[in-house]
Amino acid sequence: MLRVNNLTKKFGGLVAVSSVDLEVNEKEIVSLIGPNGAGKTTLFAMVAGFLKADEGEINFENASIVGMKPHQICQRGMVRTFQITQPFAGLTTLQNIMVGAYSNTPQTISARKKAEEVAEVVGMTSLLSQGADGLTVAGRKRLELARALATDPKLLLLDEVMAGLNPAEIDEIVKVIKGIRDRGVTIFLIEHVMKAVMNLSDRTYVLNDGKLIASGTPSSVAENPQVIEAYLGHGAAEAMAEGA
Amino acid sequence: MSNLRRHLAFLVLGALGLIILPYFISSRFYIDVLTLIFFTAYLGQSWNILGGYAGQFSFGGVMFFGTGAYVSSILLTTFGFPPIFGIFLAILGGAFLGLIVGYMSFRSGLKGSYFALITLAFAELLRVLANSVEFTGGGVGLFLTYAPGLSNLQFETPVGFYYFALVLMFISIAIVYWLEGSRFGAQLVAIRENEDAAEALGIDTLRCKIYAIMIMGAMGGAAGTFYSQKYLYLDPPIAYSIHLSVEMLLVTIVGGMGTIFGPLVGAFVLHTVNEVARHFIDTPGLSLIVYGLILIIIIGYLPNGLIGAFKKKEKKSGSNSLDKKRSREES
Amino acid sequence: MISASLSMLPAAIINGFMYGAIYALVALGLTLIYGVLHIINFAHGAMLMLALYAAFFLFDLFNIDPYFSILIVTPCAFIFGYLIYRYGIGSLAKGKDQNILLITLGLSIIIENGALFFFSGDQQTVNLTYGFEAFDLGFMYLSYPKVISFFAALLMCAILWAAMSLTDLGRAIRAVAKERQGARLVGINVEHIFAVTFGIGIACLGAAGCMMLPIFYVDPYTGNIFVLVAFTIVVLGGMGSVVGALVGGFIIGITESVGGLLLGESLGQIGISLIFILILIFRPTGLFGSKV
């Protein structure tokens, strides 16, 4: 569904993303993990059309989307959320979600209906009339998800929707994400915390210093010495092996 | 929805009141003041669509007014083209100018203060041009002849112009009323609140902003025809006066940006203040000093304008924008 | 006609340089405020007009030479700027870019019409004893005031540049411009530095006003003429760049006088707004897009 080849982005002398290849298939939940500053958000920004790639190909449903603007990519069925939540602060939750819903219908009535449905899916029904600026962190993360979902995407790019949440809230949102996948939406997500995505994703890519260092099932990736080193520092893999 | 319906009831009652009002006012002075209030409210409403709803502040809104005024006036003086049709070409001219200015500035990503200043520069550019070319009458200006009649959009009594301005204002309120309940309106507000998020959710932000400035331009164009047919004279300092640009944003900000009745409330309050001040001390500059003070006070203490101040349920949004700023800096 | 214009070209260019230096000083205040505070002071022109009036009244009432008035008006302008930022603009705007623009717009309306109210709309000029004496350059006469103003403006630019690079205050200002959170952490009083910077920006206007009065006039609307000019110089030179302001000032000064010569007084003014629009659209970082 999504295929990325040789994707590269440099900021001045710094290579933020370095010839990354990856693939997301239909109905999968694929995660992209890696330490802070690994280039995950930069990669997402390029895929969603917010940043211009220096090199590389991005294909969505077998058509190149390089050079397209974010709204065009969204209209094709791929939508992103933001790590730092970007609510329409002056609007209510319902109005926020309706903005997403309007991408498929010009009718206010059907946009509202769609927004209410989506709110149900992410569990925000009771917050619909509340102002978005009054939401908690967990509420804002859900709102990001809800707005994106309201555009009826084929592929959802979720940028750290679990960051800043407590374990109970994480459990809930994991359930929500699984529910979304069961409705036929493919999901590609960034997560900083490995544990959170272990039981969620079908496949995982690991990014470190802009390069892909591993990929595969979450459990195989978790045992990869390179990955452990990337997360815990040099020598950690050996130390762990000795300990075991 | 109920909110909109309440507005509608308010609208119909208010409209009826304003329609029959001239039958109770015999003073030419009050009719003229009311006409001016409607006219400013109308221009404010055009500013409101781009500034209040889409969040793009312009400091050169007068350019559409001036261009529309020149279009219909030149058509009339040079070709004898009747203003009742000329006004539509003025509307087209304003919209076209909006397209050019909007495309050039939004395309290159100008926003905030930069957008405000570039519109100021466009208005100034047009003023200098109008002053230098011959078909506008240059610095001498254009004189229109007084020949009352609907085809000239001129009237024998001030009440005629009162209704002309009232119709314009009704139309502007109808446009914003439609905006409030429409997808396009929601998209503009989304752009105002967070442009990146709007773009991510499939909104063609560039196109929406251009449409908004074109609507503003079209409305300004019609206002130009109104003005030149009422006052029968036009020159570059009038057509492209910064004073009118400021008045458009002033009435809207004072009344309440992004609201249906903000520009009308603002125009009413400011003109009343103006007339009262003039009544006591008739010295040039005084009422404008008061305008400046009101602007600063509103920005500092009533960011949602007078309408916002009366809506008690409106929550404070100041702390939130700070949060947003902070989290951006952290990233 | 064209050849007559061309023979006057050198004179127009030199005149452009003379005015350009003063424009640069006006723009320097604006670019400094922008570079450090990241705000646009729309009342810049109105405040310049106030400085012109200050110099005028010092001359008219006390017979003080405008060039001497620099020593009086500049510190007063600094205090005015400091107070108005610290207790007005800064606290009312709540950190929003557009609010600052609107508040300073309100301020310019108040100042402009206050001047109209108190000083009337008449144009005022000063007649200096040496006002009509001039250097003979062979192809043109250059009046003493123009030459004095030119060098005084350059000197002011140099002093400001030196103060920004060499003094502790200058270093603190540059620290705040670059990294306001960091500056706050190491104990710099950021609000104070902001107000000081605003004060310095307005002090530039104080000096500029005194230098302009002998070669110009003042009325309540004088500021309007310079608002767009100053903004154009600032975007041309790059927001926040001192060198940019100087070069931008010369470019605008020359564009204006040469444009006036070739296109006529009226159409010649088109250059400034046109440059402004083109720069914003095609090269928004300006020619020298560095920070202070």
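# Exercises on a predicted three-chain model

The model is predicted: local features need pLDDT of at least 70 and side-chain atom pairs count only at pLDDT 80 or more, whereas totals for chains, interfaces and linings use all residues. Residues are numbered from 1 along each chain as its sequence is written, and chains are lettered from A, ligands numbered from 1, in the order in which they are written.

## Exercise 1: the sheet of chain A

Determine the strand order of the open sheet in chain A and identify the strands at its edges.

Solution. Helices (H or I, at least four residues) and strands (E, at least two) are DSSP runs, numbered from the N terminus; two strands pair if DSSP finds at least two bridges between them.

1. The open sheet of chain A has four strands, ordered β2-β1-β4-β5, with antiparallel pairing.
2. In chain A, β2 (14-24) and β5 (63-64) each have a single partner strand and stand at the edges, so one side of each lacks a neighbour in the sheet.
3. Between β1 (residues 2-11) and β4 (residues 55-60) of chain A, which run antiparallel, there are five bridges. A:V4 lies opposite A:I58 of β4(A).
4. Helix α1 (residues 40-47) of chain A packs on this sheet and touches β1, β2 and β4 of chain A; its direction makes about 115° with that of β1(A). Such angles run from 0 to 180 degrees between N-to-C directions, and axes are lines fitted to C-alpha atoms, for helices over the stretch in contact.

## Exercise 2: two interfaces of chain B

Describe the sides of chain B that touch chain C and chain A.

Solution. Two residues are in contact if their C-beta atoms, placed from the backbone, lie within 7 Å. Ala, Val, Leu, Ile, Met, Phe, Trp, Tyr, Cys and Pro count as nonpolar, Asp, Glu, Lys and Arg as charged, and the others, Gly among them, as polar.

1. Towards chain C, 39 residues of chain B contact 32 residues of chain C. The largest share of this side of chain B, 15 residues, comes from α5(B). By class, the side comprises 25 nonpolar, twelve polar and two charged residues.
2. Towards chain A, 27 residues of chain B contact 27 residues of chain A. Here α7 (183-193), α8 (195-200) and α15 of chain B each supply at least two residues, and α7(B) gives the most, with six residues. This side of chain B divides into eight nonpolar, eleven polar and eight charged residues.
3. A caution concerns residues 313-331 of chain B, where pLDDT stays under 50 and the model has 18 contacts beyond four places in sequence.

## Exercise 3: positive phi values

Locate A:S19 and C:S120, and state the phi and exposure of each.

Solution. Most residues other than glycine have a negative phi. A residue is buried if 20 or more other C-beta atoms lie within 10 Å of its own, exposed if 12 or fewer, and partly exposed in between, with C-beta atoms placed from the backbone.

1. A:S19 lies in strand β2 of chain A and has a positive phi near 25°. With 14 other C-beta atoms within 10 Å, A:S19 is partly exposed.
2. C:S120 occupies the loop between α5 (97-119) and β1 (134-136) of chain C, and its phi is positive at about 65°. C:S120 counts as partly exposed because it has 13 C-beta neighbours inside 10 Å.

Terms used
pLDDT = per-residue confidence, 0-100.
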